[in-house]
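Open the model in your viewer and keep the selection tool at hand. Each stop below gives you something to select and says what is there.

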Amino acid sequence: MAALTPLSTPPASPDAVPAPAGGARRRPRYWRGAVLTVAGLYFLTPLVSSFVFTVHVPGQGLTFAAYSGILSAEGFTESLFLSLSLAAATIALALLLVVPALIAVRLGPPRLRAVVEIVCMLPLVVPPIALVTGIATVLRWGPDHFSRTPLYQTFLAVQNESFPVVLVLAYTVLALPFVHRSLDAGLRAVDVPTLVEAARNCGAGRLYVILRVILPNLRSSLAGASFLTLALVLGEYTVASLLGFRPFAVWIVSVSGAEARMSVAVSLLSLLITWALLLVLSRAGTGPSTAVPGGAPSAAGSAGSAASPGSAASPSAPDPAAAPIPVPGKE
């Protein structure tokens with residue numbers, strides 16, 4: 001019997017194109033472009049129409065008077081600064097409430113996660129008009145019953161028109177569902193118990209673990225939660241209007257009766273401001289990428305670095321293409 005010899009496979013030509021998986025040729029998906037085109041027209045058509053309405057006056061042609069008079073409009077600067085201040089305070093308070101709570105339920109019993117999620121999702125069930133009605137009732141009822149106690153001054157302080165703290169509290173309640181969803185998704189991608197245990201074994205305190213270990217891993221989630229809260233505060237009208245305050249959204253509606261083009265122009269500018277802040281927050285949520293000197297490590301180097309120091313290196317198998325393995329046979 002003749003000896004068995006391995007069959008040598010001819011090398012592939014460098015000009016050969018690998019066949020796609022399944023033997024089928026991939027066709028260009030034109031529906032993707034069609035969907036993107038329809039979506040772009042759906043979002044851009046109202047914006048372009050609004051811009052044309054602000055710059056085109058029948059009988060006068062193109063004019064930018066609606067934009068040039070915004071800064072000099074009465075109440076514009078005050079209302080915008082008030083809304084941004086309320087947004088900053090709401091973001092800080094919401095994160096201060098939700099971040100420690102979610103970290104605690106990650107380290108505690110799993111059944112507490114459902115309780116925290118239900119509590120944070122309740123504002124989606126309660127309409128804002130019902131929430132502001134309850135707040136207004138408490139604000140009217142409090143001074144009548146606490147007029148001779150220190151709480152009377154508290155009720156007056158939270159309704160200060162220069163910075164209404166009551167709006168911060170109401171906006172924090174409305175923003176809880178969005179903040180919870182964003183941070184919960186980020187914490188699901190992080191092994192919080194392992195990070196906390198490793199940091200505590202190194203001697204770190206609880207505050208240090210939260211600020212220097214967990215929060216850097218939640219930059220994207222924190223940026224997303226901050227942007228959603230900012231967009232909520234800048235566009236909220238019901239609560240502020242019924243409580244008698246005048247932030248940016250209420251000011252836009254108040255000037256729409258006398259200056260329709262200016263109100264539309266301010267709405268477009270507020271949208272651009274929101275997009276700009278979104279870019280800033282998204283940039284802040286992504287950390288700088290660290291480049292590896294000399295290029296990316298090879299797979300062999302990664303496997304070697306991952307091996308334990310006490311383990312013995314196993315001999316590598318010979319390459320069949322480099323040297324065929326002789327198989328003895330009988331004649």
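Start with Val132, Ile135, Ala136, Leu139, Gly142 and Pro143: these are the buried residues of helix α5. Now look down the axis of α5. The buried residues fall within an arc of 130°, so they line one face of the helix. An α-helix has 3.6 residues a turn, so residues three or four places apart point the same way. Keep in mind that this is a predicted model.

Next, show what that face meets. Select α6 (151-157), α7 (165-188) and α11 (238-243): the buried residues of α5 pack against these helices. Then turn to the other side of α5 and pick Asp144 and His145, which are exposed.

Now check the length of α5. Select residues 128-145, which make up the helix. How far apart are its end C-alpha atoms? They are 26 Å apart, and this agrees with the 26 Å that 18 residues should span at 1.5 Å a residue.

Go on to Ser221, in helix α10 (residues 219-235). Is Ser221 buried or exposed? Its relative accessible area is 11%, under the 20% cut-off, so Ser221 counts as buried. Leave aside the neighbours within four places in sequence, and Ser221 is in contact with Ser182, Leu183 and Gly186.

For the last stop, move to the surface. Select Tyr42, Phe43, Leu44, Val48, Phe51, Val52 and Phe64. Together they form a nonpolar patch with about 770 Å² of accessible area. Finish on Tyr42, which sits in helix α1 (residues 30-55). Its relative accessibility is 62%, over the 50% cut-off, so Tyr42 counts as exposed.

Conventions
Residues numbered from 1 in each chain as written. Predicted model: local features only at pLDDT ≥ 70, side-chain atom pairs only at ≥ 80, totals over all residues. Heavy atoms only, no water. Helix = DSSP H or I, 4+ residues; strand = E, 2+ residues; numbered from the N terminus. Buried < 20%, exposed > 50% of the residue type's maximum accessible area, 1.4 Å probe, protein only. Contact = heavy atoms within 4.5 Å. Patch = residues over 30% accessible without salt bridge, like charges linked within 9 Å, V, L, I, M, F, W, Y side chains within 5 Å. Areas by Shrake-Rupley, 256 points an atom, 1.4 Å probe, with all protein chains shown as cover. Salt bridge = Lys/Arg side-chain N within 4 Å of Asp/Glu carboxyl O. Expected span 1.5 Å × (residues − 1). Arc of directions from axis to C-beta.
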